[in-house]
Amino acid sequence: MEVVLNWLANSPDFAVPYALAALGLILSERSGVLSLGAEGLMLVGALIGVGAQLAFGAEGISLFLAMLAASAVSLLFAMMVIVLRVNQVIAGLALVFFCQGLTSLLGTLLNWTNQALTGIGAVPFGAMADWPVVGHILFNQNIIVYLTVPIFILATLFLNRSTTGLRLRAVGENPQAADAAGLSVGWYRLGAIVAGAALIGLAGAYMSVYSTKLWVAGMTGGRGWIAVGLVIFARWSPWRALAGALLFGCIEALIPQLAAAGVKLPQYFVLMTPYVVTLGVMVWVAMAKSGHDGEPGALGQPYVREERG
Amino acid sequence: MPVALQLTGIRKTFDGFVALDNAAFSAEWGEVHALLGENGAGKSSLMNIAAGLYAPEAGQMFLDDNPVRLAGPSDAARHHIGMVHQHFKLVRPFTAAENILLGNPISREDGSYRSKLRRMETAIRETAAELGFELDPTKRVAQLSVAEQQRVEILKVLLAGAKILILDEPAAVLTDQESERLLSTVAQLARRGSAVILVTHKMADVKTYADRVTVMRGGRTIDTVDPKVTQAAELVRLTVGEAITSPKRESRTPGEVRLGVRELKSSGAGIALNGVNLQVRAGEIYGLAGVGGNGQGELANAIMGLPALLDGSMELEGLGDLKAASTSERREMQIATIPADRYGLALAGGLSVAENFGIGQVHAGRYGSFWKLAKSKMETDAKEAVKAFDVQGVRSIRQKAALLSGGNAQKLVISREFSKAPKLVLAHSPSRGLDVRASAEVHGRLLAARDAGAAVLLISEDLDEVMSLADRIGVMVRGRIVAEFPQPASRQEIGQAMVDHA
């Protein structure tokens, strides 16, 4: 019982980075930009989050600066894929490697590595935190865990229940049609990339500032890639992505609990499971191909207006 | 009365290819103005400039006699210009209302998204009723028929406030009745004061609906005339330019049946092929006419061996079952195919001219075994073929095939396919997008193949092409061949067959 309770209480902590990063990716991919750079942007967010926390000691400022930094770096990616129309897969991979090198370098140069942060913890949610069982799992988390739910609600409302969201999706489904309707494909995609990067940066900062409470080079450990897979798994739907993030978070939270209970399970086996699930979903979607399956119609395609048909 | 839209001295190039050169056009309020010309004459490019989608390199545009420079499609919409594109610009997973809301001024007004959508749905129903047709604005575009999708496009520009309405080849995707309805609807809009520009290559539509017609050829404006007083023959002369002698088709006695198709059905979804029966004899051209989308593409694919799910039979004389044959077996049966999608199915744009030529016989081992490619032999062969088939614009045999113009790319396909005397030739819209001269050359090759004893199946939406080449003409409607006509066939009867069974 104790093991299960601890496991469930720890799961949101593991799920939040997946959820936020996946949401960021969904924003950008719904505009038709395939973003493989999440792993790199998460590292940027994680590093800057820790750095700002060391410098200013205020969580709000740290998270804000981390989001800003990830957005700034994403401008580089945006320039490559929107202005120069570089292949989005290659630009995304290059972004990851660039960020991996840059964050390792800065972390060492600025002496931010292995500097533990203090004074950040759970924020009990009033009296509800004292409720038996549920209180510990749901209402004794840190602030970002609580905020994740409204962020998802807002993002879903934006995508499905706003004119701007409609336009953003149009740009991702059929940029020719969006252009003919007078929308600027480039600007919408830029906005989506930058906003998405901010969420991905937040996911990274969450890991370093709230979970591990320190910066180590390469600390995201492939979670950005899992988020990329998660988006495919969720067929570009925010709610399914949140459910998937919870699933993956639960799987990951299981490792230390099982280890503590004395069950020997190779760590890599557990780390592999999200990918196995993602591959399974892709196979299933490919086999059950029927009409529209959520994948943005123009995902990964650069848009050139004056291309002769 | 000021001139609604005027374009003068327009020039536009695409990667060095001059699409428009000193083109001019003007349309007045209250008229249906047809823009007539062959494929590639520059009609669509010129209208894309008027709609703000392309930026001209030279020339001026006037609206109500005032010079304007459009920054983009939204700028055009502000100036009350709306264009219905030939290839619909619709977001398929969106509903009709969502599609129309995208660029509409309503979307910029206050109010919740839901209320805007409701207002848009009401506006769509009202305007549709005014124009005399029905449209469910809550249906997804992917579920709408082509004619309904076109209505969405028209409503989109009208609800955005368009007074200058440009329709690019609106009849191309419609049945005759549908296009009749559509054209009388837009004519009615012109009566109410709008300027309607009808881009077309159909002479009949020009004659019936247009108040004036401007003819374009080779990226230039040739003349603007009154279609009511100008003879059709004169319009054709203006469109085509100097009379090109079409290849002579001498009648000859056809041989025995080469290709026999019986009750061919596609067993997948839809009614793509619905029991096709046809026979093509050696030494004859069988022309298959019909409005596009009635199963012609599926039939061509079936003969090329692309879909697997088929009922019925397809036999090639002396060589057996064609239906079960693999693509390489089809090659051994000496079937030459000229698919409609030149770059999708016939050529690999990124490979060289020589490689594209040689690829057909690599499998048969003509250019070495599986590990050694006899490149020089392939290049020698390709050089000879390029010369024999008069493929122009080949600076080097190693240049990419994508650099060839449409006509020359088609000639390259033909040179490859005809390099081994074929027994059966399948040509699907072989002159689509080609200029008159290139078309004439392609037609000459088809006739030569026929005279050499091949059975030729010509599938084309261009009735003129079918009429001038075919020895027998079949009409395809809804996946069936509904009528067959021996030459000399009557154009009216063929057209009637297309309509009667639609």
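Reply: Let's begin with chain A: among its contacts (heavy atoms within 4.5 Å) with a separation of 6 or more, 78% are between residues 24 or more positions apart. Bear in mind that this is a predicted model, where local features need pLDDT of at least 70, side-chain atom pairs count only at pLDDT 80 or more, and totals for chains, interfaces and linings use all residues. Residues are numbered from 1 along each chain as its sequence is written, chains are lettered from A and ligands numbered from 1 in the order written, and side-chain values use heavy atoms, with hydrogens and water left out.

Chain A has twelve helices and two strands (DSSP runs, H or I of at least four residues and E of at least two, numbered from the N terminus). Its radius of gyration, 20 Å, is close to the 19 Å from the globule rule for 309 residues, so chain A is as compact as a globular protein of that length (C-alpha atoms only; the rule is 2.2 Å times the number of residues to the power 0.38). The C-alpha trace of chain A spans about 65 × 50 × 40 Å along its principal axes, and 51% of the residues are buried (under 20% relative accessible area; exposed is over 50%, partly exposed in between, with a 1.4 Å probe and protein chains only).

Chain B comes to 17 helices and 20 strands. Its C-alpha atoms fill a box of roughly 70 × 50 × 45 Å along the principal axes, and 52% of its 502 residues count as buried. For chain B, 67% of the contacts between residues at least 6 apart in sequence join residues at least 24 apart.

A402(B) sits in the loop between helix 13 (375-388) and helix 14 (406-417). This residue is partly exposed, with a relative accessible area of 45%. Leaving out residues up to four places away in sequence, A402(B) touches Y343(B) and G349(B). The C-alpha atoms of A402(B) and G349(B) are 4.1 Å apart, although 53 residues separate the two along the chain.

Move on to helix 14 of chain B itself: eleven of its twelve residues are buried, so the rest of the structure largely encloses it. The buried set includes K411(B), R416(B) and E417(B), along with L412(B), V413(B) and I414(B). The geometry of helix 14 of chain B fits too: at 1.5 Å a residue its twelve residues should span 16 Å, and its end C-alpha atoms are 17 Å apart, which agrees (the expected span is 1.5 Å times one less than the number of residues).
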